[in-house]
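Please open the model in your viewer and keep the selection tool at hand. The stops below are meant to be followed in order.

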Amino acid sequence: MVLNWIWIAFFAITFIVAAGRTLFAGDLQVWSDVMNASFDQAAFAFEISLGLTGVLTLWLGIMKIGEKAGVIEFFGKAISPFFSRLFPGIPKGHPAMGAIFMNISANMLGLDNAATPMGLKAMQEMQSLNEKKDTATDAMIMFLVLNSSGLCLIPISIMMYRAQGGASNPTDIFIPILIATAIATIVGLTALCIKQRIRMDRVIWSWLGGIALAVAGITWFFASLPAEKVQLYSTFGANLILFCVIIAFLGAGVRRKLRVYDVFIEGAKEGFKTAVMIIPYLVAILVAIGMFRASGALDIFTGWVESFVGWLGFDTQWVGALPTMLMKPLSGSGSCAMMLDVMKTHGADAFVSKLAAAVRGSTDTTFYILAVYFGSVGVSKTRYAAGYALLADIVGAVAAIVIAYIFF
């Protein structure tokens, strides 16, 4: 329901702003800009889906091998003490547990191309347990919020963008992102546990403490490395782990005497069907976002915030990163474009550029995730998923701002 009203609000605000620009500024071009944005974003949504087709085909094929070889079930049992509490509606040993673990692990390593197919597989497994096929279950919402909060231990792509932008030390945002995303995840998870009346017992607190220790350990390790080695080692570690997962799945399939190639093809066909399934959902959300941005509503809001913050007497440097912050829940490519624009305008080493990068990595693209993941299984009633996912977004963004001021 929340997502329904948010989607309608995008169009309503776009119309009001465009009408205002025409009536009070005589701007007739805005209507062309808005409609062109709708066509461009519709085409872009199809391109994204087309681009995902190959990745989904590959990884759902690999996941099918892992499922039939028993590896997914093994992972599910390994994290059962923790996940059985967060996802009480999923039976112990169900394939959904292993798929959820694989997705979250890929997200933590910053491997977006692998995380999305694994996430879609997890949603399909959870949908098999869903009695009301058009309504999100508590488990689905928990999974979506964990994805939206976007715990990322190795923000590879952002460090690469900063390197391409000419930053003197592209990895200086590594630790701020790590801390901000950990805060967003812990707050989002805790809030949702309260909402779903999940008891925060010793096991949950132990796992959360383990996450905090892991973040602290990674922070210490990378802080002790020379700046030029951070990106090299993080990229190497993440991709080595990913390739080892592929080898482990294939090895387990051979051990189980599976016809590995045939099993891969079986899973790959599911990947193609999933890619086609998500097109309408991507078109719906990306067109709304594109029209909203083209109308100038985003720029107007940013200007109001900067004026208000200045009137209060606070530092306004962070407002330059506000477009990145606002675009992040809406569109990954959009927020990336905003971040790159800030870097181009102010220089990669400017405070606002570092802040924009920290905000970009603090959480994930909430509405994209909602559209793709729920759309892939035909869930239209998302209940309170959007509200709690946005809570994690806000916490992550605020944490990124505070930490950027401390570090930079």
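This is a predicted model: local features need pLDDT of at least 70, side-chain atom pairs count only at pLDDT 80 or more; totals for chains, interfaces and linings use all residues.

Residues are numbered from 1 along each chain as its sequence is written, and side-chain values use heavy atoms, with hydrogens and water left out.

**First stop: α7 and α19**

Select helix α7 (residues 138-149) together with helix α19 (residues 385-407), which pack at an angle of about 25° with their axes 9 Å apart. Helices here are DSSP runs of H or I with at least four residues, numbered from the N terminus; axes are lines fitted to C-alpha atoms over the stretch in contact, and angles run from 0 to 180 degrees between N-to-C directions. The angle makes α7 roughly parallel to α19, a term for angles under 35 degrees, with over 145 counted as roughly antiparallel, 65 to 115 as roughly perpendicular and the rest as oblique. Now show the side chains of I141, V145, S148 and S149 in α7, and of A385, Y388, A389, A392 and D393 in α19, which make the contact, where contact means heavy atoms within 4.5 Å.

**Second stop: α7 and α18**

Look for M140, F143, L144, N147 and S148 in α7, which meet T366, I369, L370, Y373 and F374 in α18.

Select T366, which is buried, with a relative accessible area of 1%; buried means under 20%, exposed over 50% and partly exposed in between, with a 1.4 Å probe and protein chains only. Not counting residues up to four places away in sequence, T366 touches S148, K328, P329, A389, L390 and D393.

**Last stop: the cores**

Which residues have the most contacts inside the largest nonpolar core? They are F87, M126 and F249, in a core of 81 residues; such a core is a set of buried Ala, Val, Leu, Ile, Met, Phe, Trp, Tyr and Cys residues joined through side-chain atoms within 4.5 Å. Apart from it lies another core, of 41 residues, among them I158, A182, V215 and A358.

Terms used: Helices (H or I, at least four residues) and strands (E, at least two) are DSSP runs, numbered from the N terminus.
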